[in-house]
Amino acid sequence: MRHALAALLLLALASPASAQSMSGVGVEGNWGCRANIDGKRAGLLTIYAGAYSYASANFGSAASGTGTVEMASNGVTFLDGNLVAGAGITTAILDFDESGRDVLQLYTPEKNVLTCRPRN
């Protein structure tokens with residue numbers, strides 16, 4: 001009985017870690033982004049395995065480049081790199097549009113600046 005209780009306790013302690021390692025899977029992939037201010041193409045964002053790459057549609061943009069992200073169950077936090085230093089973007093939240101399709105909303109500390117949709 002003691003061994004069964006110990007095994008259950010170990011399983012319970014391991015479960016949150018397993019769930020946490022799956023966090024952020026919904027945001028991994030390629031995203032086409034548009035500026036919220038005017039709806040124009042802003043760039044392409046790729047997020048995979050704790051890293052990101054952003055290619056701005058604007059030549060010479062300081063936002064273009066790479067960096068690292070911390071995955072969460074509903075998005076990511078940009079830890080460093082060009083989106084943070086060049087554009088002030090710190091977080092991305094996974095949401096749904098009016099048709100129920102995935103959208104990734106990118107935020108500066110002040111406001112939502114980009115809306116990104118999955119690219120297939």
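This report walks through the predicted model shown above, from its overall layout to its pocket and a few individual residues.

## Overall layout

Let's start with the big picture. The protein is built from 2 helices and 8 strands. Reading from the N terminus, the order of elements is α-β-β-β-β-β-α-β-β-β.

Of the 120 residues in the protein, 27% count as buried. The accessible surface comes to about 7700 Å², and carbon and sulfur atoms account for 58% of that surface. Looking at contacts between residues at least 6 apart in sequence, 31% join residues at least 24 apart.

Strand β1 covers residues 29–35 and pairs with β2 in the antiparallel sense over 6 bridges. If you want a landmark for this pairing, look for G29, which stands opposite I47 in β2. The two strands form a hairpin with 5 residues between them, and in this hairpin G39 takes a positive phi near 75°.

β1 also has β8 as a partner: 5 bridges join these strands, which run antiparallel. Here a handy landmark is W31, which stands opposite P118 in β8.

Strand β4 spans residues 65–72 and is joined to β3 by 4 bridges, with the strands running antiparallel. Within this pairing, Y52 has G67 of β4 as its bridge partner.

On to the next pair: β4 and strand β5, residues 75–78, are antiparallel too and pair over 4 bridges. E70 stands opposite T77 in β5. The hairpin formed by β4 and β5 has 2 residues between the strands.

## The largest pocket

Where might you look for open space in this model? A probe the size of a water molecule, rolled over the atoms, shows where empty space is left. The largest pocket has a volume of about 230 Å³. Its lining is made up of 16 residues, and those nearest the centre are A42, Y54, S56, N58 and L114.

Which elements each supply at least two residues of the lining? They are β2 (41–48), β3 (51–56), α2 (82–87) and β8 (112–118). Sorted by class, the lining holds 9 nonpolar, 4 polar and 3 charged residues.

## Y54, a residue at the pocket

Y54 sits in strand β3 and is one of the residues nearest the centre of the largest pocket. Is Y54 buried or exposed? Its relative accessibility is 5%, so Y54 counts as buried.

Setting aside neighbours within four places in sequence, Y54 is in contact with C33, A42, G43, L44, L45, A63, S64, G65, L83 and L114. Two residues in that list, A42 and L114, are also named among those nearest the pocket centre. As for S64, its C-alpha lies 5.1 Å from that of Y54, although the two residues are 10 apart in sequence.

A49 is found in the loop between β2 and β3. With a relative accessible area of 59%, A49 is exposed, because the cut-off for exposed is over 50%. Its backbone is worth a look as well: phi of A49 is near 50°, a positive value in a residue other than glycine.

T108 lies in the loop between β7 (102–107) and β8. Its relative accessible area is 12%, which is under the 20% cut-off, so T108 is buried. Leaving out residues up to four places away in sequence, T108 touches A87, G88, I89, T90 and V113.

Key:
Residues are numbered from 1 along each chain as its sequence is written. This is a predicted model: local features need pLDDT of at least 70, side-chain atom pairs count only at pLDDT 80 or more; totals for chains, interfaces and linings use all residues. Side-chain values use heavy atoms; hydrogens and water are left out. On a 1 Å grid over the protein atoms alone, a cavity is a set of points where a 1.4 Å probe fits but cannot get out, and a pocket is an open set with protein on both sides within 12 Å along at least five of seven lines; lining residues have an atom within 4 Å of a point. Grid points are joined across faces, edges and corners, and a volume is the space filled by probe spheres set on the points. Ala, Val, Leu, Ile, Met, Phe, Trp, Tyr, Cys and Pro count as nonpolar, Asp, Glu, Lys and Arg as charged, and the others, Gly among them, as polar. Two strands pair if DSSP finds at least two bridges between them. Buried means under 20% relative accessible area, exposed over 50%, partly exposed in between (1.4 Å probe, protein chains only). Contact means heavy atoms within 4.5 Å. Accessible areas come from the Shrake-Rupley method with a 1.4 Å probe; for residues, only the protein chains shown count as cover.
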